[in-house]
Amino acid sequence: MNYKFKEYHKSDVLTNHLSMGGENPDGKRIDVTSLYFMRGGKPWIGVMGEYHFVRDRRGNWYRELCKMKAGGVTVIATYLFWIYHEEIEGRFDFSGDRDVRFFIEEAKRAGLDVVIRIGPWAHGECRNGGFPDWLLKKPYKLRDNNPEYMEKARIWYEKIYEQVQGLFYEDGGNIIGIQFENELVDNAEHLLELKRLALDIGFKVPIYTVTGWNSAYGARIPIDEVVPVFGAYPEAPWSRIKGRLPLSLHYAFNKIRNDAAIGEDLISEADEDGWRMPYEKYPFATCELGGGMQVTHHRRPLITGMDVYALSLVKLGSGNNLVGYYMYKGGTNKIGKLSTLNESKATGYPNDYSILSYDFQAPVSEYGEIREQYRLTNILHMFVNDFGEVLAPMESVEAEKNAAADDLKSLRYAMRTDGKGGFVFVNHYQRLAETEDIHGAVIDTGTVQFPPIDVCGAASFILPFNMDLSGNILEYAAAQPMCKVGDTYFFAAVEGIKPEYKFADGSVFNPETEAAVKVNNIQIVTLSWNRARFARKLSGRLYIGDNCDVYECDGRICAAQDGSFGYEMWNGFKFEHYDAKKEFTPADVIFEESEERFVPPYAEELSIGGERKRTWKKITVSGSEGFIEIQDKYDTAQIYADGRLAADNFYYGKPWRVPAKLLYGKECYLVMSEMKDDFYREF
């Protein structure tokens, strides 16, 4: 069957129409057009990953940032939660794990740009949305332009500025963007006043953003002053529903940027006065593609690698020109001087979140382990980082007939093109549903017709057409482009599709995986999909871990996994193998049944929804290296080390892995509350 596209219409690209843009001391500019971002005068697609520095230890920051860079992330986004820095009015704390300046400097050391999300209100599943308790007791309206609130916002912004002064892009630093507020959908005047306040204090960056979603038509934003950024999640654990939700629309191609489901626990119905966000003024940018999903007590989705990869690929095919994930690196909430700092029903929210764990099932876990979505999305990120200059100006063109989310029989596809060449995006994956296999699909872009392919199983991929490979026009490839190293172009073989390359001169190649094919002045190497999962482009070289996740840290090749490891490096002609020795003695663990030894300091977390029977175990670990694994099933589990809460978890179907170093040398107890049939589960 032939699959064609709607007619391509080139849009007029607006430039210099936004109050945006900036230059660093080297004269390199960052600018924003109506279709894409520009860097150094060239179209640019950033890959942005959220990492909350206060939800980790400062000693971990650089290592975890290096892992993010190895995963293809180029920009770090991070919230500043007001309550973390001024829990007690007038007493500011930017020390230790709260040292935002050191975090930004560590990001620069890792080669990463930063977008700071300075609120004042943030959400991020933080207590009061990040507002300190004392602020909520004030007799004036918050998130508003009244003088009393704006004076407090000014103090907050000034304190942040004191920490980050001199680190902005115009100073030669790596802060390239600022987000104001979060999920404020109906007060453009306040958002504009926050920008004016920030500029008055000295916050000068090339890009200013606000979240753009709303229940319909987009949030009210100050036109031309900010870029609206959007999101899309695999699930909605903030939903009050305890049953299965309808099939997600985010696995079907469309150009709709606004996800009305995000923040549905907080935002009201759409305005009825005809407001419509002028999307045509702004590039399609995301800040909250779900890198995973935090579980709430009443909804506990189990996120897979394909859930995240396919969602991101669909948005890229639909025109996304800033690939932003929330979260990319999971974390651990701190406990404040006056209260816990997690969102809960006790603070007026409709959801209960863990006291400590903010793992989010993220690509890089709460404790630094790597998940499958890290590997899969990196295949996309390498492509975006190496070919984003070509992709960014290309516009999304929908299929001749778009397939809806509940259509599990039709091929889901779209393309991005400039009218001559481009990339076809195919997604044959729908979360929590099985799509029917498609055989003999012939994709016709209008300029190029691909050979018949079978699209079977959970497949999601990109195919290029009329792609310029250093002066050689690749008419099509039945393989996914990954990256370029020197004169070698790397592709990933899509499972179930035999790799084939046809050039404009008529030559056709059907190479075996790993075999380098010489085409004039270039080489093409096709990696198996499994090998591509472990490929990392580090400092301009391509490495492939031996079933391990390698990254570069202080100029050394490291592995996220414990112990010795192996990897290969492309030398321009072939892959050379290397072994790295790393001493590792994994801790042994003993679990012993125990009576209740003390009243748990945070017993309320063990009885959400009513009293529950508790089971206790004493934990003894033999050393500080590696992880212990808790296989039990429970509602909520807590670990106390020397009487202090060290870790917690809502069971969502996976064994709970906890670093032995959290427990070693301490008297530790595991307490688990009984599971009842009172929450949504996917296990």
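**Exercise 1.** What radius of gyration would a compact globule with 683 residues have, and what does the chain have?

*Solution.* The radius of gyration is taken over C-alpha atoms, and the globule rule is 2.2 Å times the number of residues to the power 0.38. For 683 residues the rule gives a value near 26 Å. The chain has 25 Å, which agrees with a compact globule. Along the principal axes, the C-alpha atoms fill a box of roughly 75 × 60 × 50 Å.

The model is predicted: local features need pLDDT of at least 70, side-chain atom pairs count only at pLDDT 80 or more, and totals for chains, interfaces and linings use all residues. Residues are numbered from 1 along each chain as its sequence is written, and side-chain values use heavy atoms, with hydrogens and water left out.

**Exercise 2.** Describe helix H8.

*Solution.* Helices (H or I, at least four residues) and strands (E, at least two) are DSSP runs, numbered from the N terminus. The chain has nine helices and 43 strands. H8 spans residues 372-391, and 15 of its 20 residues are buried. At Asn-385 the helix bends by about 55 degrees, the angle between axes fitted to the seven residues ending there and the seven starting there.

Definitions and conventions: Buried < 20%, exposed > 50% of the residue type's maximum accessible area, 1.4 Å probe, protein only.
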